[in-house]
Amino acid sequence: MTAREVLLVVHTGRLDTRRAAEKLAGWFADAGITVRVLEREAPDLDAACYQRVVPVSAKAAEGTELVFVLGGDGTLLRAAELARPAGVPVLAVNMGRVGFLAEADSDVLEEAVSQVIAQRYEVVDRMTVDVTASLGDRVLAKTWALNEASVEKSSRERILDVRIEVDNRPVSSFGCDGVLCATPTGSTAYAFSAGGPVVWPDVQALLVVPSNAHAMFARPLVVSPDSRIAVEVDPSGHPAVLCCDGRRTFVLPPGARVEVVGGEIPARLVKLRQGPFTDRLVEKFELPVQGWRSPRG
C-alpha cells in the first residue's frame with residue numbers, strides 16, 4: 001500500500017492555529033499519514049507537527065494526497081499556489097472570520113481530519129483565469145488567479161482611465177478605481193465588495209466588475225467562460241497595478257493591456273459536505289431568511 005502524505009499550510013501568526021496544527025498532526029500520525037510543512041513555517045511550529053520540511057516551490061505539494069490548510073481564505077489562496085502545479089486538492093479549515101472558501105470551521109477540525117483519514121471526501125475542480133499583461137509586443141507578466149485579477153489605480157488621489165473589451169470588441173471606456181475580472185469562486189470575494197453578483201460555483205462564466213466607475217454604463221458583466229476579456233490602461237494616463245488573488249502584483253505602465261481568459265489548469269478543492277451552495281451563502285453572510293412569511297408568536 002502506498003504511503004500517504006499531506007502538506008500542511010498554516011497561518012502561524014495565531015496561537016490557536018498553531019495548537020490546532022499540533023492536534024491535527026497527532027491524528028494523522030496515529031493513522032500512519034506523514035505530514036510535511038513549509039520551510040518558512042517550520043520554525044514557528046512544534047517539531048511534533050511534522051515529519052518532513054520542504055521549500056516553498058512549485059514542487060512543494062508533489063507526491064501528497066492533498067494540501068491541508070489551517071487559516072482563512074488568504075492562507076487557502078497561498079496554498080492553492082502550491083497545490084495547483086502538483087494537481088492535488090486543497091482542504092481548508094477556517095481559523096479566522098468568514099473564511100468563505102474554507103470547507104470546514106475550526107469546531108469540526110477532528111471530523112474533517114477523520115474524513116481525510118477515511119478518504120471520505122470529494123474533489124471538485126474550480127475555474128481559474130489565465131492572465132497576460134503586455135505593453136505593445138512586450139509581455140510584462142503571465143500569471144493566473146483563482147478568485148480575481150484586478151487592474152487598479154496605483155495612486156489613491158488619481159482616477160484610472162481604462163477601456164474594456166470582450167472578445168476583441170470594445171464595450172466601454174471610463175474612469176474608475178479599478179476593474180475586476182473574477183471567476184464564480186471569486187464572485188463572493190473582492191468582486192462582491194465592488195458590487196458584483198454572486199455566481200454559483202458550478203456556473204461556468206467570467207465576471208467583469210468595475211470599481212467606483214465614473215460612467216453611466218459601467219455595470220458588472222457576466223460573459224462566456226470562453227470569452228477573452230481585455231482591460232487597456234489609457235496611454236496618456238497614469239500607471240496602474242495588476243493584482244491576482246491579492247498575492248501576485250505587477251506594475252502596469254500607461255498603455256498596458258491586460259488579457260484575461262478561462263484558465264487551462266483548474267484549482268482543485270476538497271468537498272466534505274453535500275449541502276447546496278445556497279446553504280453556505282446563507283450561513284457565511286448570515287442572511288435573514290426568516291421573513292414576513294414566518295409564523296409569528
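Buried here means under 20% relative accessible area, exposed means over 50%, and partly exposed is in between (1.4 Å probe, protein chains only). Helices (H or I, at least four residues) and strands (E, at least two) are DSSP runs, numbered from the N terminus.

The model is predicted: local features need pLDDT of at least 70, side-chain atom pairs count only at pLDDT 80 or more, and totals for chains, interfaces and linings use all residues. Residues are numbered from 1 along each chain as its sequence is written, and side-chain values use heavy atoms, with hydrogens and water left out.

**Overall form**

Five helices and 20 strands make up the secondary structure of the chain. The radius of gyration, taken over C-alpha atoms, is compared with a globule rule of 2.2 Å times the number of residues to the power 0.38. For 297 residues the rule gives 19 Å and the chain has 21 Å, so the chain is as compact as a globular protein of that length. Along the principal axes, the C-alpha atoms fill a box of roughly 60 × 60 × 35 Å. Buried residues account for 47% of the 297 in the chain. A contact is a pair of heavy atoms within 4.5 Å. Among contacts between residues at least 6 apart in sequence, 66% join residues at least 24 apart.

**Helix 3**

Helix 3 covers residues 109-117, and its buried residues are L109, A112, V113, Q115 and V116. Viewed down the helix axis, these residues fall within an arc of 160°, so they line one face of helix 3. The arc is that of the directions from the helix axis to the C-beta atoms. An α-helix has 3.6 residues a turn, so residues three or four places apart point the same way. Just after helix 3, Q119 takes a positive phi of about 55°.

**Loop residues**

Two asparagines also have a positive phi. Most residues other than glycine have a negative phi. N168, in the loop between strand 11 (160-166) and strand 12 (169-176), has a phi of about 65° and is partly exposed at 48% relative accessibility. N212, in the loop between strand 14 (206-211) and strand 15 (221-223), has a phi of about 50° and is exposed at 54%.

T185 is in the loop between strand 13 (178-182) and helix 4 (190-193). T185 is buried, with a relative accessible area of 5%. Neighbours within four places in sequence aside, T185 is in contact with L101, R126, L146 and N147. The side chains of T185 and R126 are joined by a polar contact of 3.0 Å. A polar contact is a pair of N or O atoms within 3.5 Å; within protein, one must be able to donate a hydrogen and the other to accept it, and residues adjacent in sequence count only if both atoms are side-chain atoms.

**Salt bridges**

A salt bridge is a side-chain nitrogen of Lys or Arg within 4 Å of a carboxyl oxygen of Asp or Glu. The count by this rule is 20.

| Pair | N to O distance |
|---|---|
| R52 and E5 | 3.0 Å |
| D130 and R84 | 3.6 Å |
| R268 and D125 | 3.2 Å |

R52 is partly exposed at 37% relative accessibility, whereas E5 is buried at 13%.

In the salt bridge of D130 and R84, D130 lies in strand 8 (residues 129-135) and R84 in helix 2 (residues 73-86), so the pair ties together parts that are 46 residues apart in sequence. R84 is buried, with a relative accessible area of 13%.

The salt bridge of R268 and D125 links R268 in strand 20 (residues 267-271) to D125 in strand 7 (residues 122-126), 143 residues apart. R268 is partly exposed at 31%. A network of salt bridges links R163, E165, R228, E232, R257 and E259.

**Cysteines**

With a disulfide taken as a pair of cysteine sulfur atoms within 2.5 Å, the count is zero. C176 is in no disulfide, and the nearest cysteine sulfur, that of C181, is 11 Å away. C176 is buried at 0% relative accessible area, and C49 is buried at 0%.
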